[in-house]
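Hello,

Here is the structure I promised to pass on to you. Have a look at it first, and then read my notes below.

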Amino acid sequence: MIKSIRIENIALIQEQYIEFESGLNVLSGETGAGKSIIINALCFALGSRADKSLIRNGQDFAKVTLEFNVQMTDKLASILKEMDVEQEDTLIIVRKMSVDGKNEIKVNGVPQTLSMLKRLTILLCDVYGQFEHANLLDEKRHLQVLDEFGGDEVFCLIEKFNEKLSECREIKNQINALGGDESERAKKIDFLNFQINEINSISPQVGEDESLTAQKDIMANAEKLKEAYLLARQALDGDEYGARLAVSSARNKISTIVNIDPTMKEIVDRLYSLDAEIDDLSTSLGNKAEACDFDAEEFAKVDGRLDAIKMLKRKYGATIDEVLKAKDDAETELNNLINAEQTIIKLNTELSGKLNELKLIGGKLTAARNKFARVLEKDILRELKELGMEKSQFVVDIQSSFDEQMLAANGLDKVTFMFSANAGEPIKELSKIISGGELSRFMLAFKSSLAKLNNIGTQVYDEIDAGISGHIGQTIAIKLNKIATTCQVITISHLPQIVAMADHLYKIEKFEKGGKTYTQLNLQNEQESLNEIARLSGGANIGSHAIEFAKEMKQWATEIKKNGIHN
């Protein structure tokens, strides 16, 4: 159970230390006084979302210290071992958040993650918030709620089901990688053949695109190039000023003096070599000029080839190397598909066996859920009877189906809670038929059943009495008293019946000091408790009649506790 809570810088609370006791702890006070701040602080320490708006205005941090007295169970011991926390009778949880976004969580001084904190606190305390009824009305959560009621037996089967489902999905992935079923494989083979044939029909060569691009540039500038080639050749072969004639003239002149200066023999030989080089250059330039002569058909052929290669690169890769690799990969995959028939037959046989195992586990899971559904129905109806709803009906409807193509995690079942509050009324989906006051009692019945099953030491209710009054308020008070005999209960209430039933009453008051607003919570003595019952019964002006009524209410509650009346 919760032994104490210390709240620092949460909303209107600057600092508050509260000691809770066993039994029924009731928090009362005027609307807006800040009762829900206590619950919000508690939820923060238990692992709810860290909302920086909780930090008191002008402060740098908010901090909650929560002390539990615990009875060690196997589950709790296992979690504490994972958290590297010693097994002790006292657990101290500290959670702090700062305006700069830093968060700190410690359990008995050992730093922890938020996920580990939640795994721990779900075993220690169950909180019913004002808006939690929305979860119960959401049919998508009914399966989860039933599984929580089923506990380890159900979760063990869910784990086995999900493991087997994972195995089935892995085999299906392998089959899909080999082309899937026969029809899908045939389509894949056709597609791969098309890709291979398309690339082979063009048969690009590495570097060909670059060569074709250069050739196309030459064709596009043919006239300009031919003119340059011919002018250059003329400069070599011209009759008056050609390089050939100049070299020949120089050679002839030097030849006449070789007998005088024998060293000129080398110059003459070099001029002869230069003459041969000019011949070669002239021929090359002539060939280049001739190469510029082409027709439109040749240009279209080069241009078309380039377009074909560009198309391949758009579809299969940025370069010819990548295109050719894509072809190789397609050929490899095609060969695998062609040779995959025996492998697929083997995988399909394996898959069929796994699906049969999955169906068997799913059937066991459905049977377990049906078993616990009947227990839950009886528990809820018994609790509802104690809450004055003797004629109500509650059914956990389970619909199961095994569709190989629609398999999902957590089993084969769809769960819907069905309800009827009064005799003669048809049973319908809970979300479509239950009223506000009925929902409060239903939630109390539901939480009571789950808490007993899971051996949770503390139940917290944030205005479980919303939407009810009169005789039903008495019924709720009696029920809370019964729950409080087996576990600690902390509840916010505006009903005098529940406040009268409190074993320990705390009043929350709001006040101003120094231009700032504060909230303070104080344990009430006997007279203060009577005043609060009277206030809730008759308003702000408490007279002698209201006090007498409060005494009668308190006496009624005392008799209920003394005689053990629970309905």
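A word on terms before we start: buried means under 20% relative accessible area, exposed means over 50%, and partly exposed lies in between (1.4 Å probe, protein chains only). This is a predicted model, in which local features need pLDDT of at least 70 and side-chain atom pairs count only at pLDDT 80 or more, while totals for chains, interfaces and linings use all residues. Residues are numbered from 1 along each chain as its sequence is written, and side-chain values use heavy atoms, leaving out hydrogens and water.

Let's begin with Arg 369 and Asp 147, which are both buried. Their side chains form a salt bridge (a side-chain nitrogen of Lys or Arg within 4 Å of a carboxyl oxygen of Asp or Glu), with N and O 2.8 Å apart. Arg 369 belongs to helix 14 (residues 341-386) and Asp 147 to helix 5, so the pair ties together parts 222 residues apart in sequence. Helices here are DSSP runs (H or I, at least four residues), numbered from the N terminus.

Another pair to look at is Asp 209 and Lys 313, whose closest N and O atoms are 3.1 Å apart in a salt bridge. Asp 209 sits in helix 8 (residues 208-220) and Lys 313 in helix 12 (residues 296-316), 104 residues apart. Asp 209 counts as buried because its relative accessibility is 15%, whereas Lys 313, at 23%, counts as partly exposed.

Within helix 14, Arg 374 and Glu 377 are three residues apart, about one turn of the helix, and their side chains also meet in a salt bridge (2.8 Å, N to O).

Best wishes

Notes
Helix = DSSP H or I, 4+ residues; strand = E, 2+ residues; numbered from the N terminus.
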